[in-house]
Amino acid sequence: MDKILVLDFGSQYSHLICRRIREFSVYAELVPFDISYEEIQKHNPKGIIFSGGPSSVYNPDAPIPENKIFEMNLPLLGICYGHQLIVNKYGGKVKRANKEYGSSLLTIDNDSDLLNGVGESVRAWMSHGDEAEEIPPGFQVIGHTESAKAAAISSKEKSVFGIQFHPEVVHTEQGTEILKNFVLKVCKAKQDWTMEGFIDTAVAKISQIDGNVLCGVSGGIDSTVAALLIHKAIGDRLKCVFVDNGLLRLNEEKEIEVMFKDNFKVNFTAVNAKEQFLGKLKGVKDPEEKRMIVGEEFIHVFTEFAEKNGPFKWLAQGTLYPDVIESGVSKGPAAVIKSHHNVGGLPDWLNLEILEPLRELYKDEVRKIAKILNVPEKLFMRHPFPGPGLAVRIIGEITPTKLNIAKIASKIVEDELMEAGLYEKVWQAYAAVGDDRAVGVVGDERKYGNIVMIRVVDSIDAMTADWTRLPHGLLEKMSNRITNEIEDVTWVTYTISSKPPATIEPQ
């Protein structure tokens, strides 16, 4: 299988480069920026991409790749910081510039290779503080913006390209086409990465493990697909346990048990641990502390189940690629955005080995696998739900009142989207609640109640997201239902921050 290697220099978008390339059925893998020449040879890639990053090539501790990589005669594309590395390495000059963050008009000067077929100009997403002042000998400018005169450069002789903008984010028009030009036309990579092939490979690998597997299922698409893949490989050596932590969507615990027992032949057990989780979370306000408590309690429940129903050697989880990068597990110098219970909160005393069959996949790839494995459409089209559940949608301490508000308000939001035919057209939708309160009028009386925040976003992978422009009439309907049907709510707001700079979940 042909492969493109993406060297991670710390951009929060690094995994998104891989995600875009996989869209056109070419396998892309993220590796540390300091990967050795020998390791790259083992990968035998068709081409290499340098990601962006927060550093400057002139910083003493700037991440620099091994020198031999430049001598491999492989096609090379540098993005943002990667572009500056190429300029610096091949004898050009990088200078400090005014920070440019946001959309700029990229004018195409030469469309023969990298920028072929994208038009005379496109909007491109910039995020940089340095830029190329002088391009290296043998290179030519193939695209420029008003403030960056060498926003895209190339050396046809070397098959080396540098671009100052981010083609991997949705804000760059024709960004996928630019990556496709590099991967398919310059690197000549074959489009042989398919989910059918992934299933065959994953099942073959999992079938080699020894011992029994305990899989925590949440009812979400990730853990369900992980369980079905493992079951396909080892059959009855897998046992699935569903933990009701009290932080689920409205009536979700009943729906999940029915779904598993009616649709899948896996061994399934439900554990009611509401009091255990909510008791540990009482009085806790810090979001990271809440995440870690939820993660640790999950492991406590699993360990106790394993001791009674084992022996088990493995604990399976539905960890995905974005979970890994956002938890700082990637070996690039990216900042940690947040911890996840399935990658960031595992305690040292855990005596089960971890099995994560989906950790190289993105959400849309998991959905494709779900379809192949005949998972009911209602499940695989369901919106993502955070591992720590409503703990991250309730800002501040989790109280019975706020928990009730979050459950009912989110159900109203989902129901109204379904009624409007929009549920499957948006990525994620829910209602969050915090400690802020506002005065309202109920009948003839003033009332001091909670504020509910509706959040609906469009995305394809959760690495970036844009707030959804819902019809005003639909928002009005949601607001009226929430304030009328939930006694403790007086105000409803709609969140219009995109990711970046915001995240999808409030905590």
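Visitor: Which residues form one aromatic cluster?

Guide: Phe-9, Phe-33, Phe-50, Phe-70, Tyr-81, Tyr-90 and Phe-139 form it. This is a predicted model, in which local features need pLDDT of at least 70 and side-chain atom pairs count only at pLDDT 80 or more, while totals for chains, interfaces and linings use all residues. Residues are numbered from 1 along each chain as its sequence is written, and side-chain values use heavy atoms, with hydrogens and water left out.

Visitor: How is an aromatic pair described, and how many does the structure hold?

Guide: The distance of the centres and the angle of the planes describe a pair of aromatic rings. Rings of Phe, Tyr and Trp (its six-membered ring) pair if their centres lie within 6.5 Å; planes under 30 degrees apart count as stacked, over 60 as edge-to-face and the rest as tilted. The structure holds 16 aromatic pairs. One of them joins Trp-193 and Phe-198, edge-to-face, with 6.1 Å centre to centre and 75° between the planes.

Visitor: Are Trp-193 and Phe-198 buried or exposed?

Guide: Both are buried. The term means under 20% relative accessible area, with exposed over 50% and partly exposed in between (1.4 Å probe, protein chains only).

Visitor: Which ring lies under the charged end of Arg-393?

Guide: A charge sits over a ring if NZ of Lys or CZ of Arg is within 6 Å of the ring centre and within 35 degrees of the ring normal. The charged end of Arg-393 sits over the ring of Tyr-430, 3.9 Å from its centre. For Arg-469 the ring is that of Trp-467, and the distance to its centre is 3.8 Å.

Visitor: How many disulfides does the structure hold?

Guide: A disulfide is a covalent bond between the sulfur atoms of two cysteines. The cut-off is a pair of cysteine sulfur atoms within 2.5 Å. The structure holds zero disulfides. Cys-80 is in none, and the nearest cysteine sulfur, that of Cys-18, is 17 Å away. Cys-80 is buried, with a relative accessible area of 3%.

Visitor: Where is helix H3, and how many of its residues are buried?

Guide: Helices (H or I, at least four residues) and strands (E, at least two) are DSSP runs, numbered from the N terminus. H3 spans residues 81-89 and is mostly covered, with seven of its nine residues buried. Among them are Tyr-81, His-83 and Leu-85. Gly-91, which follows H3, has a positive phi near 100°.

Visitor: What is the phi of Ser-159, and where does Ser-159 lie?

Guide: Ser-159 has a phi near 55°, a positive value in a residue other than glycine. Its place is the loop between strand E8 (152-155) and strand E9 (160-163). Ser-159 counts as partly exposed, at 25% relative accessibility. Asn-251 is not a glycine, yet has a positive phi of about 60°. Asn-251 is in the loop between strand E11 (238-244) and helix H7 (252-263).

Visitor: Which residues does a cis peptide bond join, with omega about -10°?

Guide: Lys-499 and Pro-500. Another cis peptide bond joins Pro-500 and Pro-501, with omega about 10°. Pro-500 is found in the segment after strand E18 (489-494).
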